Structure formats: C-alpha cells, structure tokens
Amino acid sequence: MTLSALIIDITLWGSVAVLGFMAWRRGRVVLVSSMREGSMDFINIMPRIALGVIGSGYIAAVIPPEVITGWLGPDSGWFGVLTAVIAGAATPGGPVVGFSIGAVALKVGGGPPQVIAYVVAWALFAFQRMILWEIPFMPARFVWFRAAVSVPFPFLAAAIAMAIGKP
Amino acid sequence: MIVIGALVAICAALVWRRDGIDGVLNILTHDLWLFGEILPRVLAGCLLGAFIAEILPHEKVSRSLGPESGLKGLLIGTAFGAILPGGPFTAYPVAAALLTVGADFGATIAMVVSWTLIGYGRAVAWELPILGTDFTLWRIVISLPIPVLAGALGRFVFVRVYPKGEPPRS
C-alpha cells in the first residue's frame, strides 16, 4: 500500500469516526439507525460498483491508447478543441493515464488550449469515473442532468485559455 | 444499468475475440482484485453519507443550498466541493446525501463539478507532478468560474424541465 493510499484511508475513516461521534452525541438510536442506513446503501450499491469496476476494465481494454492520443493531435483550432473534449471523455483509466496523455500532447506540440479542454473534459466526463462512481451513487436523473449542463465548459475553458494566452 | 451491462458484455466479447479466454480472465482477476481493494472505501463513503444525512439539519440545508439559495448556495457548494477530502468514494455519497437533505440540483452540481475541477486532492497528487506547476495553476484558475456557472445553468434548465418542481429522485 502506498503512502498516499494510506493517507486517504486515514482521513476517510477519521471523518467517518468524527461524524459517527457527532451522531452518537445525539443519542445511540441516531447512531445505530444511520449506521444501518449506511450499511443498507452499501449492500445496495455493491453490485453496481462490481459491474462498474469489472465492466470498465473491459471497456478500457477495447479502447487503444493511440486513438486517444490521435484525437489530441496538432489541430490548433476549434476542431482540435472538439476532438480533445471527445478524447477526454473516452480516456480510460485513472488520473495518471489522463494527465500523462495531456503531458505527452503538450510535449509533441499540442496547443495548450486544447490540452486544457482535454483535462477539463476528462475531469467532467471520464466514462470510467461516471460508470464506476457517479451512476451507482447518485440518482440517475442527476447524473444525466449534471453531464448535460457540463458540456459547454471544456469549450469555455479553451476559449479563456486562448483569450489570455496562458498557460 | 442495463445499458452499461450490455456495453460491458459487448466489450468483453470483443476482448475474447481478440485475446481469447486468457485475456478475458486476466482483466477479470485484475478487476476483482481492484474491487476488493475499494470495497472498504465504498463502505466508509456510504457511512459518511448516512451520518451527514442524519446530522445536517434539513431545514438549514434547504435554506442555504436549496433552490432558493441563489448565488450564495452555488458558492457554498463550490467551496464545499473544493475542500472535500478523499476521492470519488467520498464525493458522490456526500453529494447524494446533500440531495436527500434538501440541496437542489444546482448547488449539488456546483459541488460535484468543483470537486472534480478545483479539488486539491487530485491536482496535488497527480496533476502537478505530471503536467507541471505552470500548467496546473493556470488550468485551475481558468476552471474557477466553472462550478458556479454549471450550477447556475443546472438551475436554469431544471426549472424549465420540471416547472412544477418535480422531486429530484430517480
């Protein structure tokens, strides 16, 4: 287990303990009922997380990384922004993969606004995070709503980057 | 979930055609391992969400994060998303709990988008070392207005899609 994973687990279970203590101070009944509630949520969500983890592994396996890098190509106009956004949503894997692809694109001459759009689109729409986390935990209607209203923003980010000439 | 199940089945079939049964089993064992690793965190996230739903006073939440909370509600959502520790296993259960205790779609969208775009966890751990300080800082500065704008757009669309204020439950 790496150090960062350890820190995450400590803060996570620490927060659980603090909030559990706060619930306990309101009475044992409150603590017990919210723990039962949380455990039921956990049991209900487990199959969906299982499908998400195992499923996204297969989806990731059929998306070749060259395709993603190809979409983040040297086109420096709005078409390049559009392909960068699609590439961001289609990027499989965790943050290391997403950011590394962005770094490679910068190195081989991709435009910073396009890479900004890519990173923002990845943060907003990466399919693996949506399938694995957002869809199991949130009401389905919220997820589609959130994704739909987020669509303009990678383009806005690219526009701001072009306007201020940074990074 | 049915759509996702079908998509997964298609992709697994493609992997099987390309790599044979070994390829399919390789991915399966790797992912089962990963599943075992994240399960405790999912449990922690669910408990966190349940405690928050229990502790937070519903009336106060719907006043400060509800449909009538205005810009202030979107700003609170954004700030909350930016400082929330942990990963997706905390962000989404907490966001779901906020919805249950009276936050509206707008404020919750601001929170989720803020967590994913300006949350410090991922930026410090991965983006800084891989993409460099200059890029990361500018990326965050450019992203700063996005959570509030996304939340405002969410509210704007929501009242038009559900004019009668249909309860946001699936």
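In chain B, 78% of the contacts with a separation of 6 or more are between residues 24 or more positions apart, two residues being in contact if their C-beta atoms, placed from the backbone, lie within 7 Å. The model is a predicted one, in which local features need pLDDT of at least 70 and side-chain atom pairs count only at pLDDT 80 or more, while totals for chains, interfaces and linings use all residues. Residues are numbered from 1 along each chain as its sequence is written, and chains are lettered from A and ligands numbered from 1 in the order in which they are written.

Chain B contains eight helices and zero strands, where helices (H or I, at least four residues) and strands (E, at least two) are DSSP runs numbered from the N terminus. The order of elements along its sequence is α-α-α-α-α-α-α-α. Chain B is more spread out than a compact globule, because its radius of gyration is 19 Å, well over the 15 Å that the globule rule gives for 170 residues. The radius of gyration is taken over C-alpha atoms, and the globule rule is 2.2 Å times the number of residues to the power 0.38. Along the principal axes, the C-alpha atoms of chain B fill a box of roughly 55 × 45 × 30 Å. Of the 170 residues in chain B, 44% are buried (20 or more other C-beta atoms within 10 Å of the residue's own, with C-beta atoms placed from the backbone; exposed means 12 or fewer, and partly exposed in between).

Helix α1 of chain B, residues 2-55, spans only 35 Å between its end C-alpha atoms, whereas a straight helix of 54 residues would span 80 Å at 1.5 Å a residue. The expected span is 1.5 Å times one less than the number of residues in the helix. A kink of about 130° in α1(B) is centred on Asp19(B), the bend at a residue being the angle between axes fitted to the seven residues ending there and the seven starting there. Chain B is divided into domain 1 (1-40) and domain 2 (56-161), with bounds from an automatic or database domain assignment. The centres of these two domains of chain B, taken over C-alpha atoms, are separated by 31 Å.

Chain A has nine helices and zero strands, in the order α-α-α-α-α-α-α-α-α from the N terminus on. The box filled by the C-alpha atoms of chain A, taken along the principal axes, is roughly 60 × 35 × 35 Å. Buried residues account for 44% of the 167 residues of chain A. Among contacts in chain A between residues at least 6 apart in sequence, 74% join residues at least 24 apart.

The domains of chain A are domain 1 (3-60) and domain 2 (63-164), and their C-alpha centres lie 29 Å apart. Nine residues from domain 1 of chain A and eight residues from domain 2 of chain A take part in the contact. On the domain 1 side, the residues divide into five nonpolar, three polar and one charged. Here Ala, Val, Leu, Ile, Met, Phe, Trp, Tyr, Cys and Pro count as nonpolar, Asp, Glu, Lys and Arg as charged, and the others, Gly among them, as polar.

The contact between the chains takes 62 residues from chain A and 66 residues from chain B. Helices of chain A that each supply at least two residues of the side touching chain B include α1 (3-25), α2 (28-61) and α5 (95-107). The largest share of that side, 19 residues, comes from α2(A). The side of chain A that touches chain B comprises 43 nonpolar, eleven polar and eight charged residues.
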